[in-house]
Amino acid sequence: MPDTWRDISARKLEERSSRIPSAWRLSAESIKPISDSVLHVPRRCGLLEPQELAITEDYDAVTLVDLLAQAHFSSEVVTRAFCKRAAIAQQVSNCLTEILFDDALSRARELDAHLARTGKPIGPLHGLPISLKDSFKVKGYDASVGVANICFKPASENSALVDLLLSLGAVLYCKTNVPQSMMALDSHNNVFGRTLNPANLKLTAGGSSGGEGALLALRGSILGVGTDVGGSIRIPAACNALFGIKPSHGRVPFAGQENGHKPGSSKLMIEATAGPLSQSLRSCEMFLRVVLDASTHTSDPDVLPQDWSQQVSLRTSKRRIRVGIIRTDGHVSPLPPVESFLNSVATSLRAAISDFEIVEVDATQVLSRTNKTFNGIVSLDGANTWFDHFEATGEPLSPWLQGRLTRRKQKSINEIWDSKGAISELQKKFLELWKSPDGSPLDALICPVMPHPVAPIDRWGTPNYTAAFNLLDLPAGVVPVRPLTQEDLAEELPGGSKPLNPWDQSNRELWTKVDRNVYLGSMLSLQVITPRLRERQLVEVMSRVSEALRPSGGREKSARSRL
């Protein structure tokens, strides 16, 4: 009789637990939440030495990689600190899948020996620990993506980005949790369970790179890599008060991922992309810069060989940055606190008149149509491959997917042609929006990440505010701005207004049928979008916007050196 999903899950959980040293295990007392938050646990649990706390809290990835190259810290010491903190993060948020600590420490010692012997780092990421979403294949480890039928089938080769990161000197030490099928926006699966939001255990950590989001929020990582086909980098970034960037397809190596589909399926659907998440925008920029600079050395045939210096940059221009504001997708209206937040963002950016030219952009004619087109193109095989996996072990659907994912008839070639034609039409139509009223081109667009605050567990609504920009293949990033306040909670829906559709009605219920206090303190974040393949321009606009909205330096000031 074949193993059931419960049998496989039990074996997988035992394997994961065995890879955490007994000395790094927490007592039940030390992991108690305070006001539904566990962010305090790493600092207060007593497992981290003062130097380990400093390494994991006082630097961003840019500063830390410089210190590693100078041998101020050894890679072994830095890697051990992050392995230890990741183990703590796992015990309070259930964010890890594969634990690579032993291999990572061995790799770190090899890098230290090389630096001592030659006086030169191996590459621009020498000795830097980087975490990965579970879908990346690392030779010798599973890439099960939380599906029982894919467990205990270790990868025989690395994903293209894994090979590239290793060649640049990185240390890969853990992989992180995802939702079942990677098509959900709350990271729960039947093998590893649910990833929790460390800042508020009642809210979602997001998906599908939710494990990365939780790990980074607890500083068990300072630079993680996720993937995004409908918001899977940007949504966890917004849920966990992080910066996150989804490039256009072809910028960052993506080949060799486990996605649960038949080989070649992605070419018929929407191409997913890989990108960074971090507490620091500088860290995200460094990741993109070093990866793009090494783009000629990747085994991914889709990657465009264009280094960072060849990308369009705004930093040499003395003119104001032209930014268009998209207030709604025309399909689901933002709730009052999101609408007010966007108003305050617009006011702040207009006040920085020497830096920004702000215009209103009505994108509803395009964005109101992207949701239906997106849903049609991502389900070409009728989810049959996923259901084949589930039924092989009797695995049920996760809560967020129940009622959303069903086995259906596979699309015909004519239906695929129609879907591809619809995407091309929408992409062409959206090009018309990249102009200000005087006809000059816009540098960027800003809009909400979602039409509601960070949602309670399994309550995330429409993905259209992020998925639209996957369908349009535009680079998009998330900037955390400010926590939601008591004043935000007091706002009400406009009197007499009616929902636009069932999606809009469901969104309204996140305000009218939820205890709003659950949202208090959760982060309000902004989404920034630039024209296709302009990732450097995206980072530059994100930096200027972040600076304008937080003049004191905000979260970027958390990355300080103690030297």
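**Figure 1. The lining of the second largest cavity.** In this predicted model, the second largest cavity is lined by Leu-314, Ser-317, Arg-319, Arg-320, Ile-321, Asp-443 and Arg-544. A cavity here is a set of points, on a 1 Å grid over the protein atoms alone, where a 1.4 Å probe fits but cannot get out, and lining residues have an atom within 4 Å of a point. Four of the lining residues are charged, two are nonpolar and one is polar. Its volume is about 40 Å³, counted as the space filled by probe spheres set on the points, which are joined across faces, edges and corners. Residues are numbered from 1 along each chain as its sequence is written.

**Figure 2. The largest cavity.** Here the volume is about 60 Å³. Around this cavity sit Val-338, Phe-341, Pro-448, Val-449, Met-450, His-452, Met-523, Leu-524 and Ser-525. Seven of these lining residues are nonpolar and two are polar, with no charged ones. (Ala, Val, Leu, Ile, Met, Phe, Trp, Tyr, Cys and Pro count as nonpolar, Asp, Glu, Lys and Arg as charged, and the others, Gly among them, as polar.) Strand S13 supplies the largest share of the lining, three residues. Strands (E, at least two residues) and helices (H or I, at least four) are DSSP runs, numbered from the N terminus.

**Figure 3. Lys-133 and Ser-232 at the annotated active site.** An unreviewed UniProt entry places the feature "active site" at Lys-133, Ser-208 and Ser-232; such annotations may be inferred rather than shown by experiment. Although spread over 100 residues of sequence, these three cluster in space, with a largest C-alpha distance of 10.5 Å. Lys-133 lies in strand S2 (residues 129-133) and is buried at 1% relative accessibility. Buried means under 20% relative accessible area, exposed over 50%, and partly exposed in between, with a 1.4 Å probe and protein chains only. Ser-232 sits in the loop between strand S6 (224-228) and helix H9 (234-239), and is buried too, at 4%.

**Figure 4. Leu-165 in the largest nonpolar core.** Among the 137 residues of this core, Leu-165 joins Phe-101, Leu-128 and Leu-161 in touching the most other members. A nonpolar core is a set of buried Ala, Val, Leu, Ile, Met, Phe, Trp, Tyr and Cys residues joined through side-chain atoms within 4.5 Å. Helix H5 (residues 75-93) gives the most to this core, with nine residues.

Key. Predicted model: local features only at pLDDT ≥ 70, side-chain atom pairs only at ≥ 80, totals over all residues. Heavy atoms only, no water. 1 Å grid on protein atoms, 1.4 Å probe; cavity = no way out; pocket = protein on both sides within 12 Å on 5 of 7 lines; lining within 4 Å.
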